[in-house]
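Please consult the sequence and the structure shown below while reading.

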Amino acid sequence: RHPSTRQTHVPRRLAACMATLTAALTAAPPTAPRRTAANRRAGGAWTFVGFDAGKRFGAMRNIRRSADGDGPRPAPAVTTATPLPSSSSASSSALMQSEEGRAAPPLGVVLTHVCADFDTLSSAVGLAKLRDSREGAACTFVVLPRGTSPGVSHYVALHKNKFPIKQKNTIDLAHLEWVGVVDAQRRDRLGDCAGWLDVAKHVVVMDHHVLNTSDIDATELIVEKVGATATVVAEMLEAENVKITEEVATLLALGIHTDTGSLTFEATTPRDASALAFCLKQGASQKVLAE
């Protein structure tokens, strides 16, 4: 076309496009229910429907679609759950009441000694797993009263989400009923968590050091003359046929491996070798042990 003809048509086309766009933006959007807390919990696919008029970029309106695409369907009824407390103790307080309002299993905590090494950490995780198996619920957590040794801190940072480790300020002492102590028999080895022993109804102490004195008034004391406390825990897990993950098996193997000097220290016993073999059968990583 001649340039003069093109110049007369461009403004007309632009005006038509602007009119169409303006009509689309000012038209009332399709009626659709907004996304609520109930249908968020119900899940499902979400489909874009339109824009809210008057907003610069628009806000997506979401509607739950049926599987065959015929249109919206009401979200299934959602049981009202007890709201979680807003305090830092939410994780442990939530254990005290299930969605049906029934009392949950009693809260338990396993304490390592201060500056935790692999033996006390692995024993604590294993004992928590054992108690959870007995209670039939995940209601036992591991607390490190005063951090870990340098060699353990890096491992914990990488794998903490694999184990039931909690910060001590998240434990609701008002509901604490059971405390385990591993690889220690004296209160001064528990830092500022020693007072928890006076709160709990049941205190279990597990160690492999044979001491003449212990200032912990335990309801159950388990002391075995072996190379590592992790050996005792591994034996109990095996005896009760408790299923453990590869990560837990590897951690227990590390506890035995480090406290027995790869089964070379004088205090090492055949039981340590058998417990280490159990961990390997459960999938413990030999690559991690070699590192």
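Does L251 count as buried or exposed, given its relative accessibility? The model under discussion is predicted. With a relative accessibility of 0%, L251 counts as buried, since the cut-off for burial is under 20%.

**Surroundings of L251**
- L251 is a residue of helix 8, the helix that spans residues 246-259.
- Neighbours within four places in sequence set aside, L251 is in contact with F118, L121, S122, V125, Y155 and F163.
- For L251 and S122, the C-alpha atoms are separated by 5.4 Å, although the two residues are 129 residues apart along the chain.

**Two sides of helix 5**
- In helix 5 (residues 150-159), the buried residues are V152, Y155 and V156.
- These residues cover an arc of only 100° around the axis and therefore lie on the same side of helix 5.
- Exposed on the other side of helix 5 are P150, H154, A157 and L158.
- The cover over the buried residues of helix 5 includes helix 4, strand 5 (165-166), helix 8 and helix 10 (286-290).

**Packing of helix 4 against helix 7**
- Helix 4 (residues 118-135) and helix 7 (residues 229-239) have axes that come within 8 Å and cross at roughly 20°.
- The two helices are therefore roughly parallel to each other, and their crossing is left-handed.
- Helix 4 contributes D119, S122, S123, G126, L127, K129, L130 and R134 to the contact, while helix 7 contributes T229, A230, V233, M236 and L237.
- By class, the residues of this contact comprise 6 nonpolar, 4 polar and 3 charged.

Technical notes
Residues are numbered from 1 along each chain as its sequence is written. This is a predicted model: local features need pLDDT of at least 70, side-chain atom pairs count only at pLDDT 80 or more; totals for chains, interfaces and linings use all residues. Side-chain values use heavy atoms; hydrogens and water are left out. Axes are lines fitted to C-alpha atoms, for helices over the stretch in contact, and angles run from 0 to 180 degrees between N-to-C directions. Helices (H or I, at least four residues) and strands (E, at least two) are DSSP runs, numbered from the N terminus. Angles under 35 degrees count as roughly parallel, over 145 as roughly antiparallel, 65 to 115 as roughly perpendicular and the rest as oblique. A crossing is left-handed if the near helix is turned anticlockwise from the far one by less than a right angle, and right-handed if clockwise. Contact means heavy atoms within 4.5 Å. Ala, Val, Leu, Ile, Met, Phe, Trp, Tyr, Cys and Pro count as nonpolar, Asp, Glu, Lys and Arg as charged, and the others, Gly among them, as polar. Buried means under 20% relative accessible area, exposed over 50%, partly exposed in between (1.4 Å probe, protein chains only). The arc is that of the directions from the helix axis to the C-beta atoms.
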